[in-house]
Amino acid sequence: MRQLDKQREKSKQTDGTPVALYNMFIDRVRDQLHVVLCMSPIGDAFRNRLRKFPSLVNCCTIDWFQSWPDDALEVVARRFLEDVELRDDERLGCVSMCKSFHQSTRQLSEKFRINLGRYNYVTPTSYLELISTFKTLLEKRRNEVMKLKRRYEVGLEKLEAAASSVSSMQAELEALQPQLQKASVEVEELMGVIEKDSIEVAKTEKIVKADEAVANEQASAAEAIKKECDYDLSKA
């Protein structure tokens, strides 16, 4: 501060004491320091600040920012939507939609004020929040659609794999069809042979049973003779 004091005109220079230099510093801050406070009139926060700090009204220069014109609304919407993947016609439609929503809300708020005497502030911040909400919802819906698309594609791939497997199995069955027919003919021939052999076995079984009956009779007769011989021997 002392160097700055020496650079001034002699008539404005101080005596160089700390108190004088401090007062000089305060004067320079008061003349050159400007603080900009940006507040929204929406809600109770603005009114509460004015009641708590009256200097905001008494000691400040108040600039009321009016509503943005149509050109500004369009430029802002184009600027904030330029990073969104859209076709040119889609982007133009989104810009028009955002403008229409903001302007219609502003008109309805004016009717609300006239009819009920209550204010509903539609500020540029509201417009920016509208665009941000639109971008968020658009990204969310796109993610949901992409998720459904991936599920659909996976389902199609599985159906295609199943159809390919069925076609391969069908081709294998068609290739095995002659062998199956040949095996069927061989089975029928074998069944005929088995049936014929069964008849022969049945006949042989009857003969064996008849021979067995004769052998049993002969065995019984031999047993009777044996018993008589044993009796005669024991008696002798």
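In which helix does A222 lie? A222 lies in helix α7, where helices (H or I, at least four residues) and strands (E, at least two) are DSSP runs numbered from the N terminus. This is a predicted model, in which local features need pLDDT of at least 70 and side-chain atom pairs count only at pLDDT 80 or more, while totals for chains, interfaces and linings use all residues. Residues are numbered from 1 along each chain as its sequence is written, and side-chain values use heavy atoms, with hydrogens and water left out.

The protein chain has seven helices and zero strands, so that its pattern, read along the sequence, is α-α-α-α-α-α-α. Its radius of gyration is 56 Å, well over the 18 Å that the globule rule gives for 236 residues, so the protein chain is more spread out than a compact globule; here the radius is taken over C-alpha atoms, and the globule rule is 2.2 Å times the number of residues to the power 0.38. Taken along the principal axes, the C-alpha atoms of the protein chain fill a box of roughly 180 × 55 × 50 Å.

The C-alpha atoms of A222 and E129, which are 93 residues apart along the chain, are separated by 123 Å. L159 also has its place in helix α7, and its C-alpha atom is separated by 45 Å from that of F101, 58 residues apart along the chain.

Of the 236 residues of the protein chain, 11% count as buried. The accessible surface of the protein chain comes to about 20100 Å², of which 57% belongs to carbon and sulfur atoms, with areas from the Shrake-Rupley method with a 1.4 Å probe and, for residues, only the protein chains shown counting as cover.

Where are buried nonpolar residues joined together? The largest nonpolar core has 12 residues, namely L73, V76, A77, L81, V84, L86, C94, V95, C98, Y127, I131 and F134; such a core is a set of buried Ala, Val, Leu, Ile, Met, Phe, Trp, Tyr and Cys residues joined through side-chain atoms within 4.5 Å. Helices α5 (70-81), α6 (88-116) and α7 (124-235) each supply at least two residues of this core, and the largest share, four residues, comes from α5. In soluble globular proteins, nonpolar side chains tend to be buried together.

Y127, one of the core residues, touches W68, L73, E74, V76, A77, C98, K99 and H102, not counting residues up to four places away in sequence, where contact means heavy atoms within 4.5 Å. Among contacts in the protein chain between residues at least 6 apart in sequence, 52% join residues at least 24 apart.

Charged side chains give a further set of links. Side chains of opposite charge can pair when their charged atoms come close. A salt bridge is a side-chain nitrogen of Lys or Arg within 4 Å of a carboxyl oxygen of Asp or Glu, and by this rule the count comes to 11 salt bridges. One of them joins D83 and K135, whose closest N and O atoms are 3.4 Å apart; this pair links distant parts of the chain, with D83 in the loop between α5 and α6 and K135 in helix α7, 52 residues apart. D83 counts as exposed at 58% relative accessibility, while K135, at 24%, counts as partly exposed.

The side chains of E82 and R79 also meet in a salt bridge (3.1 Å, N to O), and R79 is exposed, with a relative accessible area of 51%. In a further salt bridge, the side chains of E90 and R87 meet at 3.0 Å, N to O; E90 counts as partly exposed at 29% relative accessibility, whereas R87 counts as exposed at 52%. E74, R78 and K99 are linked in a network of salt bridges, and both E74 and K99 are among the residues that Y127 touches.

Definitions and conventions. Buried means under 20% relative accessible area, exposed over 50%, partly exposed in between (1.4 Å probe, protein chains only).
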